Amino acid sequence: MIYTVRLLPSNIQFEVEEGQTVLDAALNQQISFPHRCQVGACAACLCRKVEGKVSYQLEPMLTEKEQAQGWIFPCQAFAESHLVLTFEE
């Protein structure tokens with residue numbers, strides 16, 4: 001399955017394939033996406049999910065409150081639907 005990810009406020013879009021992290025998909029398509037470690041330790045890629053659903057192989061280092069607010073680690077997140085993400089709080 002292939003899902004579309006839209007980044008706000010720029011409205012840049014890219015596709016993510018099943019089994020591919022959101023960050024890997026962005027980087028593979030030359031989408032500018034903040035990152036450093038790519039393993040969820042630095043939080044440089046942390047962004048907020050406005051719409052959609054993600055899953056993780058290992059639970060991310062986010063509190064339940066942060067997850068409820070939509071925060072995700074794209075370096076570890078797998079798309080389970082089309083996504084709308086923002087780097088704005």
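How many bridges join β1 to β2, and do these strands run parallel or antiparallel? Six bridges join them, and the two strands run antiparallel. The model is predicted, with an average pLDDT of 93 for the protein. It holds two helices and seven strands, and five of the strands form an open sheet with mixed pairing.

**Overall fold and confidence**

- From the N terminus, the order of elements is β-β-α-β-β-α-β-β-β.
- The radius of gyration is 12 Å, close to the 12 Å that the globule rule gives for 89 residues, so the protein is as compact as a globular protein of that length.
- Taken along the principal axes, the box filled by the C-alpha atoms is roughly 30 × 25 × 25 Å.
- Of the 89 residues, 38% are buried.
- Among contacts between residues at least 6 apart in sequence, 54% join residues at least 24 apart.
- A pLDDT of at least 70 is reached by 100% of the residues.
- Confidence is lowest in helix α2 (residues 64-68), where the mean is 91, and highest in β7, where the mean is 98.

**The sheet**

- The strand order in the open sheet is β2-β1-β7-β3-β5.
- Its edge strands are β2 and β5 (71-72), each of which pairs on one side only.
- Strand β1 (residues 2-8) runs parallel to β7, and four bridges join the two.
- Strand β3 (residues 47-51) pairs with β7 in the antiparallel sense, over three bridges.
- Arg48 has Thr86 of β7 as its bridge partner.

- Side chains alternate along β1: Tyr3, Val5 and Leu7 point to one face and are buried.
- Leu7 stands opposite Ile12 in β2, and in β7 the bridge partner of Leu7 is Leu85.
- Leu8 stands opposite Thr86 in β7.
- The hairpin of β1 and β2 has three residues between the strands, and Asn11 in this hairpin takes a positive phi near 60 degrees.

**Strand β7**

- Strand β7 (residues 83-86) is covered on both faces.
- Leu83 and Leu85 lie on one side and Val84 and Thr86 on the other, and all of these residues are buried.
- Thr86 is the residue of β7 that Arg48 has as its bridge partner, and Leu8 stands opposite Thr86 as well.

- Thr21 is in the loop between β2 (12-17) and α1 (22-28).
- Why does Thr21 count as buried? Its relative accessible area is 9%, and the cut-off for buried is under 20%.
- The side chain of Thr21 reaches the backbone nitrogen of Asp24 at 3.1 Å.
- Leaving aside neighbours within four places in sequence, Thr21 is in contact with Val16, Pro74, Cys75, Gln76, Ala77 and Phe78.

**Aromatic pair**

- The structure holds one aromatic pair.
- Phe33 and Phe87 form this pair, which is edge-to-face, with 5.0 Å centre to centre and 80 degrees between the planes.
- The pair links distant parts of the chain, 54 residues apart: Phe33 is in the loop between α1 and β3, and Phe87 is in the segment after β7.
- Phe33 counts as buried because its relative accessibility is 4%, whereas Phe87 is partly exposed, with a relative accessible area of 32%.

How values were computed. Residues numbered from 1 in each chain as written. Heavy atoms only, no water. Buried < 20%, exposed > 50% of the residue type's maximum accessible area, 1.4 Å probe, protein only. Polar contact = N/O pair within 3.5 Å; in protein donor to acceptor, adjacent residues only side chain to side chain. Contact = heavy atoms within 4.5 Å. Pairing = 2+ DSSP bridges. pLDDT = per-residue confidence, 0-100. Phe/Tyr/Trp six-rings, centres within 6.5 Å; stacked < 30°, edge-to-face > 60°. Rg over C-alpha atoms; globule rule 2.2 N^0.38 Å.
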